[in-house]
Amino acid sequence: MKFFLLSIVFFFICSCRKNPNAPQNTETSIYESILDSSGNFIIKAKYPVSAQDTANGIKKLVDLIISQEKENREDIDLPKTENLRVSIDYEEFDDPKNGIKSYLIKKHSKAGKEPETTKVWTIVFQNQKEIDIETFLDLSGDMDLQVTKLLSQHAMRQNKKMDKNLLDQGLGLYYLAADGKTLDPKKFHGDGYLFASNLQNFVVEDSGFTFYFDSGAIAPNSEGVQKIHLTREQLKPFLRP
C-alpha cells in the first residue's frame, strides 16, 4: 500500500557562537516534523549541523533513516487507530584537547502498543574529517576480540545488574570455544564473527571512549540504549601512537 506523505517541515535554527569571528565553532540544530496524509505515521527529527561536517554526513544519515522508515511503513500492518511514531534526536560530546567532536544519533520507534525500541549511530569528526574507531585503535589480528572482552569486563563493573549471558551473546563472546579465541561450531553456524562491529558506535571525550549499543542488543530492550566507557589508560595496549 502506498502512502502519500504530507510533509510539514519546521526549521528552527539556533546558532551558538562563543566568538562571532570563529565560525568553525558554530553549531546549529535543525528540527523537522513530517506527517503522512493518513495521520497514523509520524516522523520527527532533530539533528545537528556542524562546521566539522563538511561532507554533510549527518544530514545524509538522517535522510537515509527517514527514507528507510517510509519504506518500512508499508510493511507494517497497523490498525488505523494506532500510530507508528519515529523520532530522531542526538547528543554531542567534545574532546577539545584533540579537536574531536562526536555525535550520538538516536532513532526511537514505537508501533502501536509494542514497546519502544532505540537504534543508535555515532559520527566522529576531527579537523573537519569523519573518522572511525581504527583512527584510534589497532584492531589487527585478534585485537578486536580482545577489546570486546575488555568491554564485557567493564560493562559488568559499570552495571552490576547486567546479565552476563545476554551481554556476551550480544557481543559475540558467547559463541567462543573453550580456547577463548575460535568460534564454537556447536554455538555459531556462520562463516565468522566480526568483533570489530562492537566498536563502531563510539564517542570520544577527555576521559576516553564510550561505546553505545542499540536497545535489546546486549541487555533487555526495556533497559534502553546501553553504553560502556573505557579510559585511554584501559585501552593503552590497543591505542595507535
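Tyr174, Tyr175, Phe188, Tyr193 and Phe195 form one aromatic cluster, where rings of Phe, Tyr and Trp (its six-membered ring) are taken to pair if their centres lie within 6.5 Å, with planes under 30 degrees apart counted as stacked, over 60 as edge-to-face and the rest as tilted. The model is a predicted one, in which local features need pLDDT of at least 70 and side-chain atom pairs count only at pLDDT 80 or more, while totals for chains, interfaces and linings use all residues. Residues are numbered from 1 along each chain as its sequence is written, and side-chain values use heavy atoms, with hydrogens and water left out.

The structure holds 12 aromatic pairs. One of them joins Phe136 and Phe202, whose ring centres are 6.0 Å apart and whose planes stand at 80 degrees, so the pair is edge-to-face. Phe136 lies in the loop between β7 (129-131) and α2 (143-158) and Phe202 in strand β8 (residues 202-205), so the pair ties together parts that are 66 residues apart in sequence; helices (H or I, at least four residues) and strands (E, at least two) are DSSP runs, numbered from the N terminus. Both Phe136 and Phe202 are buried, a term that means under 20% relative accessible area, with exposed meaning over 50% and partly exposed in between (1.4 Å probe, protein chains only).

Phe188 is buried, with a relative accessible area of 18%, whereas Tyr193 is partly exposed, at 25%. The charged end of Lys187 sits over the ring of Tyr174, 4.7 Å from its centre, the criterion being that NZ of Lys or CZ of Arg is within 6 Å of the ring centre and within 35 degrees of the ring normal.

Strand β5 (residues 100-111) has 11 of its 12 residues buried, so it is largely enclosed by the rest of the structure. Strand β4 (residues 84-95) runs antiparallel to β5 and is joined to it by 12 bridges, two strands being paired if DSSP finds at least two bridges between them. Lys106 in β5 is the bridge partner of Asp89, and in the hairpin of β4 and β5, with 4 residues between the strands, Gly99 takes a positive phi near 65 degrees. Strand β6 (residues 117-126) also pairs with β5 in the antiparallel sense, over 10 bridges, and Trp121 in β6 stands opposite Ile105. In the hairpin of β5 and β6, which has 5 residues between the strands, a positive phi near 55 degrees is taken by Gly112.
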